[in-house]
Amino acid sequence: MKNIKTFITQDGSLGLYNTELDEIYHSKFGAKKEAFEKFVEPCLILDNKPLKILDICYGIGYNTKCAIENFKNIKLIDCVEKDEELVKKSPQFEYDKKINDIIENNLKNPEFIHFYTDDIRKIINISDKKYDIIFHDGFAPHKQPELWSVELISKILQKLDKNGLYCTYNHSKPVLRALFENKIYIGKVIKDNRTIATTASFNPELIKNPLSDIDIKELETKSAIPYHDWNLKLSSQEIINLRKEEVKNSKLQTLSSLKKQK
Ligand SMILES: C[S@@+](CC[C@H](N)C(=O)[O-])C[C@H]1O[C@@H](n2cnc3c(N)ncnc32)[C@H](O)[C@@H]1O
């Protein structure tokens, strides 16, 4: 795989590293562990009905495979990944043969898993299907801000059922702000007293650890200024430059001065 190296993560499962972007695809603390703790476990609350899942940034499929392993009744999974080579190779990675065979068979002959190998910014417009669960696993916002703009998140959330859950490992302020501007309830996934991921839903009953008043106040500071990609066509650099300019001209309070006030 061009520009991609492998490494062993702390739970023994294989992780990928992109040399060009200087970005890891999987947590060094455990690729399999991450898929379960940050994506699947927070959604187990929905495991009482046939589930429709959208897996954005499928990579080599840890989140989809972990979902197949843990949910009782999956109706369909739509997987979106720009790098076709990763998708084709995904049945070779981790998980047992039974799960990898399901991926392999659905790649050859899609039954309940469908693969879309293109930019999520194009794919997100092609259907008006609603999903019970949406996994959003893009690279870090400062590397690929196009995956985290207010506008893309808005399109993604339009695909979320009103009783569905959106999940991402990301809990940076600009991403939380982009969710907040889309008028959705936001929760923290907490492990060992640390926030490790984010959930969001239009149904507040599905949110386990809602953002506190202080968390929400912090979303009104300069640090939380989100990324914009008005027509979903800007380059990463253009999006970064737009945000830099907005931060520079902003009269909002800084996060550090807000923290000093407390
Ligand atoms: C953090 S990795 C995701 C890891 C993945 N969930 C897995 O289990 O292997 C981010 C992925 O997003 C993909 N990606 C980057 N930009 C994208 C885009 N605009 N549309 C769709 N996928 C994209 C990358 O190719 C990469 O595989």
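Author: Two strands are said to pair if DSSP finds at least two bridges between them. The model discussed here is predicted. In this model, β1 and β2 form a hairpin with five residues between them.

Reader: How do you know that β1 and β2 are joined?

Author: Strand β1 is joined to β2, residues 14-18, by five bridges. Pairing requires at least two bridges, so the two strands count as paired. They run antiparallel. Individual bridges can be named: I4 has N18 of β2 as its partner, and T6 has L16 of β2. In the turn of this hairpin, G12 has a positive phi of about 90°.

Reader: What makes β2 and β3 a pair?

Author: Two bridges link β2 and β3 in the antiparallel sense. The requirement is at least two, so these strands also pair. One of the bridges sets N18 against E23 in β3. Four residues lie between the strands of this hairpin, and D22 takes a positive phi near 55° there.

Reader: Why are β1 and β3 called edge strands?

Author: The sheet is open and has three strands in the order β1-β2-β3, with antiparallel pairing. Both β1 (4-8) and β3 (23-24) pair on one side only, and they are therefore its edge strands.

Reader: What makes the pairing of the sheet of seven strands worth a separate description, and what is the order of its strands?

Author: This open sheet runs β6-β5-β4-β7-β8-β10-β9, and its pairing is mixed. β6 (113-116) and β9 stand at the edges with a single partner strand each, so one side of each has no neighbour in the sheet. On average, neighbouring strands are turned by 20° against each other, direction ignored. As an example of a pair, β4 (residues 51-56) and β5 (residues 74-80) are parallel over six bridges. In that pair, I53 stands opposite I77 of β5.

Reader: Why is helix α7 described as largely enclosed by the rest of the structure?

Author: A residue is buried if 20 or more other C-beta atoms lie within 10 Å of its own. Seven of the nine residues of α7 (residues 173-181) are buried, so the helix is largely enclosed by the rest of the structure. The buried residues are P174, V175, L176, R177, A178, L179 and F180. They pack against α6 (150-157), β9 (185-191) and β10 (194-201). After α7 comes K183, whose phi is positive, near 55°.

Reader: How do you know that N193 counts as exposed?

Author: N193 has 5 C-beta neighbours inside 10 Å. The limit for an exposed residue is 12 or fewer, so N193 counts as exposed. N193 lies in the loop between β9 and β10. Its phi is positive, about 65°, although N193 is not a glycine.

Reader: Why is N3 called exposed?

Author: N3 has 10 other C-beta atoms within 10 Å. The limit is again 12 or fewer, and N3 is therefore exposed. N3 belongs to the segment before β1, and its phi is positive, about 60°, although N3 is not a glycine.

Reader: Which residues come nearest to the ligand?

Author: Of the 21 residues around the ligand, C57, G59, Y62, K82 and I120 come nearest.

Reader: What classes of residue make up the shell around the ligand?

Author: The shell has 10 nonpolar, five polar and six charged residues.

Terms used. Residues numbered from 1 in each chain as written. Predicted model: local features only at pLDDT ≥ 70, side-chain atom pairs only at ≥ 80, totals over all residues. Contact = placed C-beta atoms within 7 Å. Near = placed C-beta within 6 Å. Nonpolar A, V, L, I, M, F, W, Y, C, P; charged D, E, K, R; others polar. Axes fitted to C-alpha atoms, helices over the stretch in contact; angles between N-to-C directions.
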